[in-house]
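Let us walk through this structure step by step. We begin with a strand and its partners, then turn to the cavities and the ligand.

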Amino acid sequence: MNLTLFVWRQDGPNAAGRLERYEARDINEHMSFLELLDVVNEGLIEKGERPIEFEHDCREGICGSCGVVINGIAHGPTRATATCQLHLRHFRDGETVTIEPWRAKGFPVMQDLVVDRGAFDRIVQAGGFISVNTGSAPEANSVPVSKPVSDQAMDAAQCIGCGACVAQCPNGAAHLFTAAKVGHLNILPHGQPERWERVIRMVEQMEAEAFGSCSNFRECEAVCPKEISTDWIARMNRDYLLAKLRERPAGEEKGGVG
Ligand code: SF4
Ligand code: FES
C-alpha cells in the first residue's frame, strides 16, 4: 500500500515546527505504525537527512512510551490501542495521514514527535506510592482484598502513563491520568494510611503543572488505550473534597460544601 504522510518536524524545543510531506511506497499493510516510521527513517538516513524522532520502547502496548496524534486522534483511529499496536491495515491505500506530537501545554515538544512528559513523573512523585518499611515479604493473605476491589484497582493500575488523555482533551487536562494513579492505591487497604495526603499532594501537583481543568468532555476516556473510565475522576474529586474537609479545624464544618 501507499501512504502520503505529513509529519511534524521540529528541530528543538524553541524552534519553529512545520509539517513535512513524505511518500511511503509499497508498505506492507501488516506493519505497525511505528514500523512505518522506521521505514521512512531508513530512507531519510540513506539520503543523509535527520531521521524523525519518536518515542517507543516495548512496542507491545505496556510501557507508555509511544504516542502520536494521527489524523487528529491521539494514538490513531482504533479504540483501546496504543500507537505501537496500531497496524496499517486500518488505513486505506492512498490515504493521507497527518502525524503530530501530543499537543498540550503540559507536554512541551522536545523534537519532532517527542514531548517532555516529566510533569507526569512529578505527579507520581508527589504521592503515587505507598510508604512502608518493607522488611520481609508479608504472608500473602494477611491483608484480605475482595475480588471487586482488586478488579477495580487493576482497572486503574492499567494506566501506562502515555499521555493520550491530555493530548486529546480540549483543555489539556491530566485528570484521567492523575485519577488512575490516585485511585488504584486509594481503593486498596494498603493505600488507606496515606489516602488523604496522597490525593491532596497529587491533585495539587497536577494543578501546579501546565495542565488545564477537567470539564467532562470525556475525550480522554475515548482515546485511552487502556479504557480507563472517567468514573475515576469522580472518585478522585470526591476524595480530594473529603481530604480538604478533614483538614479544616473543628467548628468550621458548617456552611461548607453540601
Ligand atoms: S489514563 Fe489512559 S490515556 Fe491517560 S496516561 Fe493513562 S493509559 Fe494513557
Ligand atoms: S512502545 Fe510501549 S506502549 Fe507503545
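This is a predicted model. Start where strands β1 and β2 meet. Strand β1 covers residues 3-9, and strand β2 covers residues 18-24. Seven bridges join them, and the two run antiparallel. Take leucine 5 as a point of reference: its bridge partner in β2 is tyrosine 22.

Now look at how β1 pairs with β5. Strand β5 spans residues 96-100. Four bridges link β1 to β5, and here the strands run parallel. Is β1 mostly covered or mostly open? It is mostly covered, with six of its seven residues buried. In a regular strand, side chains alternate between the two faces of the sheet.

Rolling a probe the size of a water molecule over the atoms shows where empty space is left. How many cavities of 30 Å³ or more does a search of the whole structure find? It finds three.

The largest cavity has a volume of about 120 Å³. Its lining is made of 15 residues. Cys169, Cys214, Arg218, Cys220 and Ile233 lie nearest its centre. Two elements, α5 and α7, each give two or more residues to this lining. Helix α7 covers residues 219-223. By class, the lining of the largest cavity holds eight nonpolar, five polar and two charged residues.

The second largest cavity has a volume of about 100 Å³. It is lined by 14 residues. Nearest its centre are Cys159, Gly161, Cys162, Cys165 and Cys224. Helices α4 and α5 are the elements that give two or more residues to this lining. The most comes from α5, with three residues. The class count for the second largest cavity is 12 nonpolar, two polar and no charged residues.

What of the ligand? Ligand 1 sits in the second largest cavity. Around ligand 1 there are 13 residues. Which of them come nearest? They are Cys159, Cys162, Gly163, Cys165 and Cys224. Helix α4 (164-168) and helix α5 (175-186) each supply at least two residues of the shell. By class, the shell around ligand 1 has 11 nonpolar, two polar and no charged residues.

Conventions
Residues are numbered from 1 along each chain as its sequence is written. Chains are lettered from A and ligands numbered from 1 in the order in which they are written. This is a predicted model: local features need pLDDT of at least 70, side-chain atom pairs count only at pLDDT 80 or more; totals for chains, interfaces and linings use all residues. Side-chain values use heavy atoms; hydrogens and water are left out. Buried means under 20% relative accessible area, exposed over 50%, partly exposed in between (1.4 Å probe, protein chains only). Two strands pair if DSSP finds at least two bridges between them. A residue is near a molecule or strand if one of its heavy atoms lies within 4 Å of it. On a 1 Å grid over the protein atoms alone, a cavity is a set of points where a 1.4 Å probe fits but cannot get out, and a pocket is an open set with protein on both sides within 12 Å along at least five of seven lines; lining residues have an atom within 4 Å of a point. A molecule sits in a cavity or pocket if more than half of its atoms lie within 2 Å of its grid points. Ala, Val, Leu, Ile, Met, Phe, Trp, Tyr, Cys and Pro count as nonpolar, Asp, Glu, Lys and Arg as charged, and the others, Gly among them, as polar. Grid points are joined across faces, edges and corners, and a volume is the space filled by probe spheres set on the points.
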